Amino acid sequence: MTADPRTPTRTLLPVASARQTWTTLGAQFRDRPGLSAAAATVLVAAATGGLVAPWVLGRLVDDVIADAPVSRIAGRVAVIAAAAVLTGLLTALGAALASRLGETVLARLRERVLDRALHLPSATLERAGTGDLLARVGDDVAVVTNVIAVSGPAFVGALLSVVLTVFGLVALDWRLGLAGLVAAPAYALALRWYLRRSMPYYARERVATGERTQAMAGALRGAATVRAYRTEDAHVAAIAERSGLARDLSLEIFNLHTRFGLRINRSEFLGLAAVLVAGFFLVRDDLVTVGAATTAALYFHRLFNPIGLLLLESDSVLQAGASLARLVGVASLPDTAPPAAAGPASTPGPATAPAGPRGPAALDVTVRRHHYDDGPLVLADVELRLAPGERVALVGASGAGKSTLAGIAAGIIAPTDGSVRLDGAPLTGVDEAVSRRDVALVSQEVHVFAGPLAADLRLAAPDATDAELLDALDRVGATTWLRTLPEGLATPVGEGGHRLTAAQAQQVALARLVLTAPAVAVLDEATAEAGSAGARDLDRAALAATRGRTTLIVAHRLSQAVTADRIVVLDHGRIVEQGTHDELLAADGRYGHLWRSWRVPV
């Protein structure tokens, strides 16, 4: 029976509040004081330069009326031309600096989001769904990037132009400034009308985008199952439904945007009419000159574009704000990864790491209790010690907490209340370069990176020679299929290259383990992806890769437990039995029940 393609009940990743978002951005800008100050200074200078031409043009009108000499008029024209060129250059430079600042801030935020995403507990990701995370690191980043590169500098420049132009209008004559302010209530009412209606749509649109991504990712990830059960139409219909919802929300926003534009035009008409009428009466009563009234009208007319841009681009800025809050929500998640997080694909540390492989080490795992976020208890009262060189198999029913305990033992999950010690020293207190060599994890879901096979293997040992790579592959039994590759170690694998089977990918991961040469190896169902034909081969590969190392195995098949020095049985997050295969069968307890249910001959 296939899964229902309809929207499941999910707990989305957090979204930051407006205060959190601004606090995060402010901290990023303060970290780059030079670039921030340069961008602000140039943008202010560009906005100020835009006031020169209308002011000089007003003086030019007075000169013409007063029949001033041609030289003065020519000088005014030259000033206008020079101001236009200088303002253009400053505007371009300001946009470039603002874009560079924004892109730098966004790059740091992207890195933080990716770092937090990579360290999220698997249970949290499962509850949120991969679509929510992919929409944030994909669509939301694209929205923010577009605003920073295109709309952002123009928006900031327009805001400065409005502030400085209003100041110039009031400084020219306070009565003309008051006349221009007639448009302010109309602009404010138009913006209030738009924001109240559009902001909920933007938030719903971002969620709808995440739902659409989730539906597509789920269907593509389970494509084989979808085809096997012939549920393509149901999944396509689910994707179409969510795409239609996102489309309808976009159309609603566009409709609001169009009506908003009409209200802006009405506000512009009211403001300019008020300035012209006020100017007429002031000139008639000789309270201001014709040139001053002209300058006032030009100043207000100059506000059309920046105010229109501010109001109309609020569409993009609001989208970016919603996306930015979603990014900051992930970036602000607490760092739950201990500093000693490790894996066979990790790059070994620099010169501080010990030279050469280390011998097997003792591993002590104590978990008084562990749960994910505010979820139920996963592990309780667990005391597990692995002697140096001991091979321990962890078995239990699905949901017993085996993978969680393996993650804690490997140092990639910090227990809610507990500790992990390597040869008596806290694993989280070990130097990171050392711990990357000392503890390595191979899980069921391994990834083959795009590029030459040799480069994929050297993720574990950057300085390894081709001979060492070949020796590692031979040790895990990968030599047979390696010979079939057209370019051997130089053959591109992964996305866009030679596609390895699930068993071959696991052998690559085990070869990385050999190259890393850790003191402790943790295999979390590392051979579970193999079919019945390749199961024995992968089991032999895992045994060869971990020979001489302290090893903890989450056994997917109980045949893996038979060869272990000791078997630990988990049930509902607690250790209920320990012993050898023969001892546990003789005890006829939980392990004996699992063994009989599995029905595998010894």
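Predicted model: local features only at pLDDT ≥ 70, side-chain atom pairs only at ≥ 80, totals over all residues.
**Entry 1**

I started with the strands. Four of them form an open sheet, and its order is β2-β1-β4-β5. The pairing is antiparallel. I then looked up the edges. They are β2 and β5 (425-426), and each pairs on one side only. Next I checked how β1 and β4 meet. They pair in the antiparallel sense over six bridges.

Which strands does helix α14 lie across? I found β1, β2 and β4. The helix spans residues 402-410 and runs at about 130° to β1.

**Entry 1: salt bridges**

I searched the whole structure and got 10 salt bridges. The general idea is that side chains of opposite charge can pair when their charged atoms come close.

Arg385 forms a salt bridge with Asp364, with the closest N and O atoms 2.7 Å apart. Arg385 lies in strand β2 and Asp364 in strand β1 (residues 363-371), so this pair ties together parts that are 21 residues apart in sequence. I also checked the accessibility of Arg385. At 46% it counts as partly exposed.

Asp417 forms a salt bridge with Arg368, the closest N and O atoms being 2.9 Å apart. Why does this pair tie together parts that are 49 residues apart in sequence? Asp417 lies in strand β4 (residues 417-422), whereas Arg368 lies in strand β1. I looked up both accessibilities. Asp417 is partly exposed at 26%. Arg368 is partly exposed at 44%.

Asp248 forms a salt bridge with Arg247. Here the closest N and O atoms are 3.0 Å apart. Asp248 is partly exposed, with a relative accessible area of 36%. Arg247 is partly exposed too, with 49%.

**Entry 2: rings**

How many aromatic pairs does the structure hold? The count is two. I looked at the pair formed by Phe280 and Phe281. Its geometry is edge-to-face, with 5.3 Å centre to centre and 75° between the planes. Phe281 is partly exposed, at 39% relative accessibility.

I also looked for a charge over a ring. The charged end of Arg263 sits over the ring of Trp193, 4.0 Å from the ring centre.

**Entry 3: positive phi**

Last, I looked up backbone angles. Asp286 is not a glycine, yet its phi is positive, about 55°. I placed Asp286 in the loop between α10 (232-284) and α11 (290-302). Is Asp286 buried or exposed? It is exposed, with a relative accessible area of 69%.

Asp381 also went into this entry. Its phi is near 55°, a positive value in a residue other than glycine. Where is Asp381? I found it in strand β2 (residues 377-386). The relative accessible area of Asp381 is 53%, so I noted it as exposed.

How values were computed:
Residues numbered from 1 in each chain as written. Heavy atoms only, no water. Helix = DSSP H or I, 4+ residues; strand = E, 2+ residues; numbered from the N terminus. Buried < 20%, exposed > 50% of the residue type's maximum accessible area, 1.4 Å probe, protein only. Salt bridge = Lys/Arg side-chain N within 4 Å of Asp/Glu carboxyl O. Phe/Tyr/Trp six-rings, centres within 6.5 Å; stacked < 30°, edge-to-face > 60°. Lys NZ or Arg CZ within 6 Å of the ring centre and 35° of its normal. Pairing = 2+ DSSP bridges. Contact = heavy atoms within 4.5 Å. Axes fitted to C-alpha atoms, helices over the stretch in contact; angles between N-to-C directions.
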